[in-house]
Amino acid sequence: MVRSILSAALLIVSGTIFSQNLKPVAYQDGLQKLNGLVTSNAGKKLPGVLVLPAWKGIDDEAKTAAAELEKQGYIAFIADIYGEGNIPADNAAAGKAAGYYKQNYEAYQKRITLALEQLKKNGAIPNKIAVIGYCFGGTGALESARGSLPVVGVVSIHGSIGKDQARKNGPISAKILVENPADDKSVTPEDYNNLIKEMNEGNADWQIITYAHSKHTFTDPKSPDYNEIMAKRAWNHTLIFLKEILK
């Protein structure tokens, strides 16, 4: 237990140090100002990874991921989905905000598209871009694939994988990795089976990895759900996937 706590603390501290190298990027969706972050290697011609944060907006987990991705040779950009003045203050507000974009998926896809444009403006090679997302951001990663956004692959990390079954399944060209915690109560067997059906009907290149003894936010060191061993495995699986599709 002590070792786990210390490891989590070190990860948070190192992530905070690395995230100090992230540079703010202001961009727009019409009149709405958006405030993203890009890694310090911006401007170089490198593969790019868009990071979609969880339901409270840009957080330490997203910043740590971006910093670690830079170390792996990627330009990483953290998207601002909600926009300036709209960052949720608590779980209730986050649920409402995230719920809006899940229901209005085209608006979510637009905000992701705008962030992808910023990633390319900051040097990412256009045909070597992937999306990773946590929780609400994991939903966004799947929406990137569903919307045929210009990415070669997506990683959904403990994302909400279900979608309105009134939406038709379409072709999916992006490669998909879903990192699914086994004990995530927000994912029903119906959601799981429908996702497989959707990906198969879309003729997608897909993979689902399920992590034992893991609850919803198992990758976040600040969460009571944090599972150190499974979080490390999930991150390694993410890096393997990104290396395959981007390098």
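This is a predicted model: local features need pLDDT of at least 70, side-chain atom pairs count only at pLDDT 80 or more; totals for chains, interfaces and linings use all residues.
Trainee: Where does serine 148 sit, and what is its phi?
Mentor: Serine 148 is in the loop between α5 and β6 (153–157). Its phi is near 55°, a positive value in a residue other than glycine.

Trainee: Why is α5 described as largely enclosed by the rest of the structure?
Mentor: Because 11 of the 11 residues of α5 are buried. Among them are Phe136, Glu143 and Arg146.

Trainee: What makes the pair of tyrosine 27 and phenylalanine 77 edge-to-face?
Mentor: The structure holds seven aromatic pairs. For tyrosine 27 and phenylalanine 77, the ring centres are 5.7 Å apart and the planes are at 65°. Centres within 6.5 Å make a pair, and planes over 60 degrees apart count as edge-to-face, so that is the name this pair gets.

Trainee: How do you know that this pair links distant parts of the chain?
Mentor: Tyrosine 27 is in strand β1 (residues 23–29) and phenylalanine 77 in strand β4 (residues 75–78), 50 residues apart. Both tyrosine 27 and phenylalanine 77 are buried.

Trainee: Why is the pair of tyrosine 108 and phenylalanine 136 called stacked, then?
Mentor: Their ring centres are 4.6 Å apart, with the planes at 10°. Planes under 30 degrees apart count as stacked, so the pair of tyrosine 108 and phenylalanine 136 is stacked. This pair, too, links distant parts of the chain: tyrosine 108 is in helix α4 (residues 105–121) and phenylalanine 136 in helix α5 (residues 136–146), 28 residues apart. Tyrosine 108 and phenylalanine 136 are both buried.

Trainee: Which residues do ring pairs link into a cluster?
Mentor: Tyr82, Tyr100, Tyr101, Tyr108 and Phe136. Two of those names, Tyr82 and Phe136, turn up again in the lining of the largest cavity, along with Pro53, Ala54, Gly57, Ala79, Asp80 and Ile81.

Trainee: How much space lies in the largest cavity?
Mentor: About 30 Å³. A search of the whole structure finds one cavity of 30 Å³ or more.

Trainee: What makes you say that a charge sits over the ring of tyrosine 105?
Mentor: The charged end of arginine 167 is 3.4 Å from the centre of that ring, and the distance limit is within 6 Å, with an angle within 35 degrees of the ring normal as well. Likewise, the charged end of lysine 247 sits over the ring of tyrosine 74, 4.6 Å from its centre.

Trainee: And asparagine 227, why is that one called buried?
Mentor: Asparagine 227 comes out at 17% relative accessibility. Buried means under 20%, so asparagine 227 counts as buried. You'll find asparagine 227 in the loop between β8 (206–211) and α7 (228–246).

Trainee: What does the side chain of asparagine 227 reach?
Mentor: The backbone nitrogen of methionine 230, at 3.1 Å; a polar contact needs N or O atoms within 3.5 Å. Leaving aside residues up to four places away in sequence, asparagine 227 touches Ala212, His213, Ser214 and Phe218.

Conventions. Residues are numbered from 1 along each chain as its sequence is written. Side-chain values use heavy atoms; hydrogens and water are left out. Helices (H or I, at least four residues) and strands (E, at least two) are DSSP runs, numbered from the N terminus. Buried means under 20% relative accessible area, exposed over 50%, partly exposed in between (1.4 Å probe, protein chains only). A polar contact is a pair of N or O atoms within 3.5 Å; within protein, one must be able to donate a hydrogen and the other to accept it, and residues adjacent in sequence count only if both atoms are side-chain atoms. Contact means heavy atoms within 4.5 Å. Rings of Phe, Tyr and Trp (its six-membered ring) pair if their centres lie within 6.5 Å; planes under 30 degrees apart count as stacked, over 60 as edge-to-face and the rest as tilted. On a 1 Å grid over the protein atoms alone, a cavity is a set of points where a 1.4 Å probe fits but cannot get out, and a pocket is an open set with protein on both sides within 12 Å along at least five of seven lines; lining residues have an atom within 4 Å of a point. Grid points are joined across faces, edges and corners, and a volume is the space filled by probe spheres set on the points.
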